[in-house]
Number of protein chains: 2
Amino acid sequence: MVPHLITALTGPINELEQRILESMPAIERWFRLEWMEHTPPFYCSVDLRNAGFKLAPVDTNLFPGGFNNLTEEMLPLAVQAAMAAIEKICPEAKNLLLIPEKHTRNMFYLMNVRTLMRIFTMAGLNVRLGTLDEEIKAPTELALPDGGTLKLEPLVRTRGRLGLKDFDPCTILLNNDLSAGVPPVLEGLHEQYLLPPLHAGWTVRRKSLHFRSYEEVAKKFAKLLGMDPWLINPLFSQCGEVNFAESTGMDCVQTNVDALLTKIRRKYKEYGINEKPFAVVKADNGTYGMGIMVVRDAKELSELNRRTRNKMSVTKDGQQVNQVIIQEGVITHEQVNDAVAEPVVYMIDRYVVGGFYRVHAERGVDENLNAPGAGFVPLAFDESNHLPKPGERPGASAPNRFYMYGVIGRLAMLAAAYELEATDPNAEIYE
Amino acid sequence: MVPHLITALTGPINELEQRILESMPAIERWFRLEWMEHTPPFYCSVDLRNAGFKLAPVDTNLFPGGFNNLTEEMLPLAVQAAMAAIEKICPEAKNLLLIPEKHTRNMFYLMNVRTLMRIFTMAGLNVRLGTLDEEIKAPTELALPDGGTLKLEPLVRTRGRLGLKDFDPCTILLNNDLSAGVPPVLEGLHEQYLLPPLHAGWTVRRKSLHFRSYEEVAKKFAKLLGMDPWLINPLFSQCGEVNFAESTGMDCVQTNVDALLTKIRRKYKEYGINEKPFAVVKADNGTYGMGIMVVRDAKELSELNRRTRNKMSVTKDGQQVNQVIIQEGVITHEQVNDAVAEPVVYMIDRYVVGGFYRVHAERGVDENLNAPGAGFVPLAFDESNHLPKPGERPGASAPNRFYMYGVIGRLAMLAAAYELEATDPNAEIYE
C-alpha cells in the first residue's frame, strides 16, 4: 500500500517545490559545501509539517526509531549511505555494538532494531546488541513478529572499552536517546567510536537550541533561494524555570504564547492565510511525543487542569520538565485516505535514505501525531525511490514532493550538526 | 519486464553464492580496506559470465555506456554514489563538462548520455555536453526518442582549461574511451579534474594488464574466502607482434591457445565438468565487442579466412591490432526466456548502482554477446534493488544472485584500480 497525496496543495508550497526543483544543482552544491564545514549526525529522522502555505520541521531525532517503516526498495540506499558513513568515520571497523532502547516489548521498536542490524551488516560490520537494562544478566533472545529473534546481551565494561562477552567493537552505535541520563558504563570511552556522541542525548539536547540553529540554517538557505525564511521556519521562543505541577513560571509561558500568536497572525495576514494561529508548548528536552500541549489562546494556560499539568511535568523516562519551548504550530494539510498525515524523512550520514507518512485517523490537523503507543500507520512514500522529475506541474509528482521533503529534512539535519558543535564538551576524542 | 533466472544452476556457483552471502561483513570490510589503499575508477561497468561452475568478469569498461538500461528504481543509488564520488574528488565543483562518444545517431547511446546528465544534475552539478567532433562548430540539438533533446557544444580550449562558450567547468567527465587516441584538446589540463584520467583510455589500456591485475585481486579474495581462485578468474596469456592481415606472429597465438586449452581441460577434469573448453582471442586494446574470436582448437588458427583475418586486424575507430590476449572462454549458462544472457554490473565510485542482463536470442552459450548494433535486449535485474537475503536456498533468490554479481563486479573494478596505478604516467596533477 502506498499513499497518495489527496490534498490539493496550492500557493506558496507549490512555488517552493518548483523553486527547489529548479535550483537542485545549486542546492546540492550548497549542502556539499556545508558538509565540508560541518559534520552531519551519524543518522537522523525529521518530522515535517506541510501546511500548504508553509513547510517546516517540527522534530529532529538523533536516535531514530522507525527504520522498519522504510520499504525494501529504500534499504539499499540506507546500506550505501551507511557504507559511506563508516568509510569516513571508521573504515577499519569490523564489529559494531548497537545499544537500543530498553523497550523489549514494543515489537515496532524491535523491528526497527532488526532493520538497523540488517543495514549495518550489509554495510560490512558484525553487529551485536548490548543492552543498558541491568536486569538482563545473560544473553536473552526476544521473539519477533516475523518469526526471527533478536539477542540482547549484557554489556561488558573494561577500563577503557565497552563490549560484550567475546566481542570487542571498535564502534558503538547508540539507538537510545539517553533521556534517563548518561549511564556510567558509556562514560570515558576514549578508545572507541561512540556514535552519536553523548551530548546528542536528551540530557544535553534542548529543542530551543536546535530550532535556533535551524533558524540560522533556514535563513542561509532562504537567501540562496531568494525566499522568505518563514515559509520553512517555525517561529519560537523559550521559557526556563517552569513548573507545571506547581503552576510556577506560567507568566513567562503566557506572555510568550501571546507574543508568538501575534507574530503568527501578522504573518498570516501578510500571506492572506485564513487559518487560526496556534502555538505548541513542548518540554525543551522532551521526546517521544511526550510533554506537548497545543495552545490556541494564552488564556488557556491559566485554566490548565491537573491532568494536563501532570502530563506537562514529566517526559520520557521520568525526566522533569522545567524549560519549555513555545513554537509556532504548523497544521498539516496532507491527508492519506481521509486521515491526517505528517511526513517523516530518514537520513544516514548526509544522505536521504527514505521516509514515510505518519498517518493518524483520529487526530486533527493541528495535533501532535507522534502519540505514544499505536494509533498511527506508517505509509511509505509512493515512488520515493524515483528521481525527481523537473518540469512536472508542482504538487502533481510524488517524487518531486519527496525531493522537497528531503531538502527540508536535510536542513534540519544540518541544524543538528550546528547544534552538536555548539554543545560539544570536547570530551570525545576521535582518534 | 523483469528477467527470471531459468537455468537450474547447481554446484560450485551455488556454493560460492552461499559463501559470499555468509561472508558479507568480511567481504565488505575487505573492500573498505582495499579502497583505503586504492582509488576506485570514477565509474565502471563489468560484463560477467556465469557458467554455473565458474563466474568471471570478461570485460571491464572504464567509460561505461548503457546507463539508460538501469531502471528508475536504480537511479537514486547512482545519484547517491555520484554524490559520494564528487564529495571526495571535487566537493566545490559547480559545473561538469561531459564529453561523450561521437556516435550522434545511436539513440541507445544518446539515451545513456541523457541518463548520465540526469544523474550528475541530481547529484548537484550543472552538466553540459562538449563534443570531440570537430565537424560540430555550433551548438547542435539532437532529438531523442522520448521527445527530449541533447545539446552538443563545441569545445573551447584556452591555455590551461577546457570548457564551452560561457561555461567553465572544474571537472570534465569523459564518456569516450579514446580508442582513436588522445585528442590534443584534452592534453595538459592541469587546472581541472579530468575523470577518468587519460591513461584509462584504450590508447594506453591493455586487457592483458587488466586481467593480470584481476588475477592478483582474485587470489587475495579467494584467500579471504578459502576457495580456488579459478572459480572466479579466467586463465589467460598474451602475444605481442601479431598481424592477422599478414598472418604473421600466429605461431605464438597457436602455441598459447593450445597451452591454455590444456590447462582448462585439466581444471575441467579436476571439477568433473563435462564441457568442451574453448579460448577467446581478443585484441589486447580492443573494445566495443570488436576484434574478438572464439577458438575451440589451435588448428583453426592456421585456417582463418580473409573475413576473420580482416575482422581481427582492426578494432574501434580503426585502431590496429598487434597484441592479443588469449583468454579462457567462460560459457554463460544463464538464460532469460530461452535466450542466452550475460549479466552486466554498473558501479559509480566504490558502489554497485545496478545492472542488467544482456540477452541475445540468436547467439550461443560460448559466443560474445556484446555485438555492435542491435540484437540484444537489456533486462534489468529482478529485485536488484532489494537487499540480499541471507539464509535463502542458494540460486533461488534474485537479490542474492545479484549481490554475488556485485561482488565479482567490484573485484574487476578493484583490478582496474590496480591497473590504473600501474599505468599512471604521473602526468595528471590532482590539486
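This is a predicted model: local features need pLDDT of at least 70, side-chain atom pairs count only at pLDDT 80 or more; totals for chains, interfaces and linings use all residues.
Reader: Why is B:Glu17 called buried?

Author: Its relative accessibility is 1%. Buried means under 20%, so B:Glu17 gets that label. You'll find this residue in helix α1 of chain B, residues 12–22.

Reader: What makes the pair B:Glu17 and B:Arg401 a polar contact?

Author: Their side chains come to 3.0 Å from each other. The cut-off is N or O atoms within 3.5 Å, so the pair counts.

Reader: Which residues is B:Glu17 in contact with, leaving aside its neighbours within four places in sequence?

Author: B:Pro394, B:Gly395, B:Asn400, B:Arg401 and B:Met404.

Reader: Okay, on to the sheet. How do you know that β12 and β16 of chain B pair?

Author: Count the bridges: 5 of them join β12 (residues 279–283) to β16 (residues 324–328). Pairing takes at least two, so these strands pair. They run antiparallel, and B:Lys282 stands opposite B:Ile325 in β16(B).

Reader: What is the order of the 4 strands in the open sheet?

Author: In chain B it goes β11-β16-β12-β13, with antiparallel pairing.

Reader: Why are β11 and β13 of chain B called edge strands?

Author: Each pairs on one side only. That goes for β11 (236–239) as well as β13 (292–295). On average, neighbouring strands here are turned by 20 degrees against each other, direction ignored.

Reader: Which helix packs on this sheet?

Author: Helix α6 of chain B, residues 250–271. It touches β11, β12, β13 and β16, and its direction makes about 15 degrees with that of β16(B).

Technical notes. Residues are numbered from 1 along each chain as its sequence is written. Chains are lettered from A and ligands numbered from 1 in the order in which they are written. Side-chain values use heavy atoms; hydrogens and water are left out. Buried means under 20% relative accessible area, exposed over 50%, partly exposed in between (1.4 Å probe, protein chains only). A polar contact is a pair of N or O atoms within 3.5 Å; within protein, one must be able to donate a hydrogen and the other to accept it, and residues adjacent in sequence count only if both atoms are side-chain atoms. Contact means heavy atoms within 4.5 Å. Axes are lines fitted to C-alpha atoms, for helices over the stretch in contact, and angles run from 0 to 180 degrees between N-to-C directions.
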